[in-house]
Structure formats: structure tokens, C-alpha cells
Amino acid sequence: MNKKWWHQSTVYQIYPRSFNDHDGDGIGDIPGIIEKLDYLAFLGIDIIWLSPVYQSPNDDNGYDISNYYEIMSDFGTMDDMDRLIEEARKRDIHIMMDLVINHTSDEHPWFIESRKSKDNPYRDYYVWRASSDDGPPSDITSVFSGTAWEYDEATGEYYFHLFSKKQPDLNLHNKEVRDHLYKMMNFWLDKGISGFRMDVIDLIGKEIDDKTLTDGPKLHDYLHEMNREVLSSQPTITVGETPSATPETAKLYTGEGRNELDMVFTFQHMSLDEIEGKGKWALKPLNLMDLKKTLSNWQTDLHQKGWNSLYWNNHDQPRIVSRWGNDREYRVESAKMLATLLHMMQGTPYIYQGEEIGMTNIVFDDIRDYRDIETINYYNEKISEGVPHEVIMKSIHVKGRDNARTPFQWDSSLHGGFTTGTPWLESNENSKDINAEDAIRDEGSIFHHYKKLIQLRKEHDIIVYGEYELILEDHSEIFAYTRTSGSEKFLVIANFYGGSPEVELPSEFLHSDAGLIINNYSDSSVHPSDLNILRPYEAVVYSIRSH
């Protein structure tokens, strides 16, 4: 595999609205990000994934773009954006922007024109269809509840929106549309950003009339074209959001010589705690065996054939320490365990803001305290079906996207130091106990554990390129694996739960020279032969050399 500049890198996602408010209006902004670049440099990250800051009416928190060439006034100005790129570069930090090209806002000039008449030059920039039996053209439903078709009285036809009705889907089968998008991408690369995280990119080849939404027949043709027209012109980094991806299809996106993307986000591990076929709100407990199998498949199938992205959290997912850890008595231990388990794998790790200090889910009892359109639509739909409020809120407390969107907790002051005003989304009351200022002071904090994991990836090629092998495969509480490169081997052992399971390691690890690489209890056994019982959420990594 050809080595790439970002293989040893760690990406940090910033959700601008919730990161740091510079001007006291309750909304995070670009000057606020600039203020915190030294914090990110100290953590050691290499790349910022910046969620959308483009001009937007903000129906879906910026993922509904009305002008790709302007900055949303909530976040600042283009001068602020230029300064962010420049100040990040001074600290050897790259910027990766969110690329949202499956849809625009209904307030984008293209759509305003498109809906004026059936023969408007922009009509074919979007997906329009006549009604079917005086109803929507098909039964395709929106990700955000209800039909994916919206009737437009001006021309008597329906437009397609897989997300909010204020997010009409672009028609990427129109070459003019694609050319406009490539021009826009080059505009941002010329400004000095280093790449793109591509929102729901597996949808851009959709064939609506065949009800083929993901992985349409033209998808890879369009990605080849994008690579040729834009991405190959300079050393970029790209990651595609691909909810439908499997290890096999990931090879098509990321394989050496495929000339498409660098990596994709798999959703397979993120759906393991939902009832299959019933969507994210239908909860079930995570089975560790399923998680081991899923992550291991991605590790082994893509080794030397593609590249993994490694993540537990993002702006669409609940906080991992609340989801699969223990955010109460073992918050620190379980957060470190989950971090260790992920960061020792092959791929590029993604840290979502606040993950590195162990921020937790939020519990609002009143739906009016939530801001996320997906959550609100789900609540209203279920209420209309007669589902009790308490039942609906249980799912929202576990899976709602606002769990990730509460303001960053910088210190123990009001609103966690995020703003001097009233935050756009209520902050978590536990900021007096969980905040960056305290975490930096405490050498044993989750923050310093993440800092060490980031540094280890830079120092040890075995973490970046070593071969992965799952061990203790049938153990219901322990997730353990090895990474191997030549005569060197790393042994990763993690107790995924709060019990105290016995460990029976293969004999090769008991009679070898070993060194402790990282651990989440200060007094971990220095040799695997002494590791007989794991404490709750204990995680240890050893370097092994055979005699």
C-alpha cells in the first residue's frame, strides 16, 4: 500500500454551532474555533473536519445550503474562514470541510429558479415528477419521517427530498449540476482546505423511478469523474458518509488505484443496538459478539485493499460513553477503554468534539427543549400514532442527535464556558464536573489518554500498517486483538463491561518479552502473564517480542 500523508493522522470533528461562542450570541462561531486552535494543537490532532459553515437557513443545522460560496452569518464571515485556514496551517492542522451535494436548501437560487416553471433552465437541476393517482409519485419515505415528495402548486408537480422538505435533492445525472459542484470544490481547495467529508455520498447516483437510492449504477462513475476533475489535482483527504457500505463495497470506494475516495464511514457497527429493519429508534442491547465480528471484518477485509475510518461518535450519534460505556461510576475508565479499543485499530481515527473529555448524553424531559429536526419529527409522528410520551422519550434520550450537539464544556462556569449569552441548545448540567480545563490539569484524565493515543499512532508504524487478528473470539465480555508487523506484535485487551472476567491468553503471550504501551488503570500488570482478572472496563496494550 502506498503511504499517504494522512495515514498517521487523527481527525477532530467540530460542530461549529456548539464548539465555542466568541461573540456571546449563544451560537458557536468561526472566531470561537480560532480561539481554541491551541487546545487542539495541544491534544495533537492533525485535521479538523468542520461541519457545514456555508450560508444556510438552518433547517437542518447547516446541512441545507443556500450558497456554497458564502459563510452563514451565525458563524462569521469569509474573512474569518480565511483566517481559520491560515491559523490552523500555522499549527500544522489541516481543514476538511463538509461537502453536501446530495441536496441543497429550497432557498438556493437554483431551486428558486427550478420551481418557477417546467421549462425553466434549472428545472432539471432537481428531481421533479408528476403525481400518481392524485398522490405522491411513489411511496419512498423521508429519512426525517413522512413522504419524500412535496407537492409544489406553482407547476403542479412534486419534488423529491430524502431529508427535510426544505432540502430538495439535486439531480446529479445532469452534467451541468456536477460541473457546478466541481467548480465549487475547487474554489475551496484553492482557498487552502485539504479535503472533504462527503455527506451521504452513496446517494448521488440514485435512480428514483427504480426506487434505487443508495449505490446507484452511476455512483462510481461520478466519483471517478470527481476525482479526475477535482481531487487528483492536489494531495487531498476524503471520507464519504456511506450508510449502505459493506467491506466489499468499501473496496470500490477506497481501493488502491480506484481513484475515488480515501475512506468511507461504515454504519454497520452503529446499527448493532437497534432492532434490525426497524430503524435507529427501535432499541436493543448491544451484543459484544456482534461488535467484534463487525469491526474485525472491516479490519481484515480492508487490510492492504482499502482504508478504514475509525469512529464511535459524530454529530449524528449519541455520546459513546453513555451509549456503550458507563457514564456514571466508570465514566473515566470506560471512556478510555473505548478509545483504546478503537485507536489501536488500522485506519484513521475520528474524534468528535467533547469525546476527548468524556462528555455524556443529555436528558431533556420536554420535547420543546430539543432542536434537532429528526428528533422533533419522530416525536410528532409517534405521538400522532398514540405512542406514550415516556416511551418516545426513552428512545430520544438514547439515540437523539442533540446528545452530541450540546455545547462543548470548556470549564465549570455557567454553560460550561461555551457562551456568555443564552446557548442555542441547553448545555449539560454536568459541566461543573466534566470540562476541558479540569481535564487538562489532571494527568490521569480522559483527555491525556486521547493525547497519548494520538501520539502513539505517530510513533508506531505497527498501529498504522500492522495486520489485525481477533483473539479470544468467543469471550462474551473481552474484546482482544493483535496487531503484527514483522517480528513486532501489539496485544490489545479490553474488558467491554463492568464485571471482572478471567483472562486466559494464548501461551505465546505468556512467555514473551513484553512492554506496557498504554493502560487505563494506573497499576495495570506490566506483563500479560500477570493479567489474570480484568477490572471493570480495563484496557491494556502490550508490545510483544517472542524469544
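**Exercise 1.** With which residue does Lys-191 form a salt bridge, and how far apart are the closest N and O atoms?

The model is predicted: local features need pLDDT of at least 70 and side-chain atom pairs count only at pLDDT 80 or more, whereas totals for chains, interfaces and linings use all residues. Residues are numbered from 1 along each chain as its sequence is written, and side-chain values use heavy atoms, with hydrogens and water left out.

*Step 1.* Apply the criterion: a salt bridge is a side-chain nitrogen of Lys or Arg within 4 Å of a carboxyl oxygen of Asp or Glu.

*Step 2.* The partner of Lys-191 is Asp-82, and the closest N and O atoms are 2.8 Å apart.

*Step 3.* Lys-191 belongs to helix α6 (residues 175-191) and Asp-82 to helix α4 (residues 78-90), so this pair ties together parts that are 109 residues apart in sequence. Helices (H or I, at least four residues) and strands (E, at least two) are DSSP runs, numbered from the N terminus.

*Step 4.* Classify the two residues: buried means under 20% relative accessible area, exposed over 50%, and partly exposed in between (1.4 Å probe, protein chains only). Lys-191, at 24%, is partly exposed, and Asp-82, at 28%, is partly exposed.

**Exercise 2.** Determine whether Asp-60 and Arg-401, which form a salt bridge, are buried or exposed.

*Step 1.* The closest N and O atoms of Asp-60 and Arg-401 are 3.1 Å apart.

*Step 2.* Asp-60 sits in the loop between β3 (54-55) and β4 (67-71) and Arg-401 in the loop between α13 and α14, so the pair ties together parts that are 341 residues apart in sequence.

*Step 3.* Asp-60 has a relative accessible area of 7% and is buried; Arg-401, with 6%, is buried.

**Exercise 3.** Describe the salt bridge between Asp-209 and Arg-129.

*Step 1.* Their closest N and O atoms lie 2.9 Å apart.

*Step 2.* Asp-209 lies in the loop between β9 (195-198) and α7 (219-229), and Arg-129 in strand β6 (residues 128-129), so the pair ties together parts that are 80 residues apart in sequence.

*Step 3.* Asp-209 is exposed at 58% relative accessible area, whereas Arg-129 is partly exposed at 29%.

**Exercise 4.** In which loop is Glu-429 found?

*Step 1.* Glu-429 occupies the loop between α13 (389-399) and α14 (436-441).

*Step 2.* Its relative accessibility is 70%, and Glu-429 therefore counts as exposed.
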